[in-house]
Amino acid sequence: MANIGLYIELKDGKFKKSNREILSVAKKSGKDVHAVIFTNDIDTYLDELKGVKKVIQVKSDDLTYQPDLYADSMAAVIKEHNLEYFLGVFSAQARDLFPRITARVENAGLVNDCLALDLDNNVATRPVFAGKLLCDYKVEEDIRIFTLRPNVFQVEEAGDNAPEVVTLDLVNNGIKTKIVEIIKSESQKIDLQEAEVIVSGGRAMKSAENFSILEDLAKLLNAGVGASRAAVDSEFATYDMQVGQTGKVVNPKLYIACGISGAIQHFVGMKTSKVIVAINKDEEAPIFKKADYGIVGDLFEVIPLLKKELEAVL
């Protein structure tokens, strides 16, 4: 039986919910699942990792993300445990890390941002040409490495069996590239790429202060707050909020676009949302052709009414 490995990504020490998706994909494959996690406190995460055959705990006095150290460590794990497949969540960190892992592993191939994965035939589906097409990639290398887009794959039950835990010291073959500082956003409380609901604003928000009405709505829905490039360029919102071709690609269950025209550059960043609701006073706005539900009206009138109705039922 083939072995499949997973990189369990933590954010500020917390288990990302999108890890459950790659765990489910791996378990459904019927292969022996090996989960790699960088932590000195493995007990915190063992309940989430039930049903996995083996957990590989990477330990160090300093586990601050450094791409060379993480890539060297995972390349060593892939070799030592004969992992023929290796999966991760398609995140900002994965964009930096997984090409480095692939370069360090002999005869390995990588497909990023997968929307579908057929491990029996080694075929992955991902968007190309700014999301205009979906392309199937067959990986013929001996080691197949994939990152999966969050909120796409169904989450299964964790399982009952406690995994075997083995420990590994962080591999240090020297650092060529060092991350000196990570500046955290002050605006984002919910990671847009993990959010199940997103409320986004465009240039029609008119000012940064007006984004507060979106934030109030987002609190009710436990949603992230996004923005179009036009809103970011107008300095109404920060870049980490930008959704679109030059921002973040998101895939929530519900995307509420407020005062966003629906230009293709924005649409490619949220087109896979399960349900799209558009609020715009221009009935000819392109967003209405792409939305599941549309409200023609002034967002400054519609959003307070929507908030009032939601408060009555939530």
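I started with helix α2 (residues 67-80) and α3, whose axes come within 9 Å and cross at roughly 50 degrees. Axes here are lines fitted to C-alpha atoms, for helices over the stretch in contact, and angles run from 0 to 180 degrees between N-to-C directions. Helices (H or I, at least four residues) and strands (E, at least two) are DSSP runs, numbered from the N terminus. α2 and α3 are therefore oblique to each other; angles under 35 degrees count as roughly parallel, over 145 as roughly antiparallel, 65 to 115 as roughly perpendicular and the rest as oblique. I noted a right-handed crossing of α2 past α3, that is, the near helix is turned clockwise from the far one by less than a right angle, with anticlockwise for left-handed.

I then listed the contact (heavy atoms within 4.5 Å). On the α2 side, the residues include Tyr70, Met74 and Ile78. On the α3 side, Leu97, Arg100 and Arg104 are among them. By class, I have eight nonpolar, no polar and five charged residues in the contact of α2 with α3. Ala, Val, Leu, Ile, Met, Phe, Trp, Tyr, Cys and Pro count as nonpolar, Asp, Glu, Lys and Arg as charged, and the others, Gly among them, as polar.

The model is predicted: local features need pLDDT of at least 70, side-chain atom pairs count only at pLDDT 80 or more, and totals for chains, interfaces and linings use all residues. Residues are numbered from 1 along each chain as its sequence is written, and side-chain values use heavy atoms, with hydrogens and water left out.

Next pair. Helix α4 (residues 211-221) packs on helix α8 (residues 299-313) at an angle of about 25 degrees, axes 10 Å apart. α4 and α8 are therefore roughly parallel to each other. Their crossing is left-handed. In α4 I find Leu214, Leu217 and Leu221 among the contact residues, and in α8 these include Phe300, Ile303 and Leu310. The contact of α4 with α8 has ten nonpolar, no polar and three charged residues.

Which element gives the most to the lining of the largest pocket? I found α3, with four residues. The lining divides into 20 nonpolar, twelve polar and 16 charged residues.
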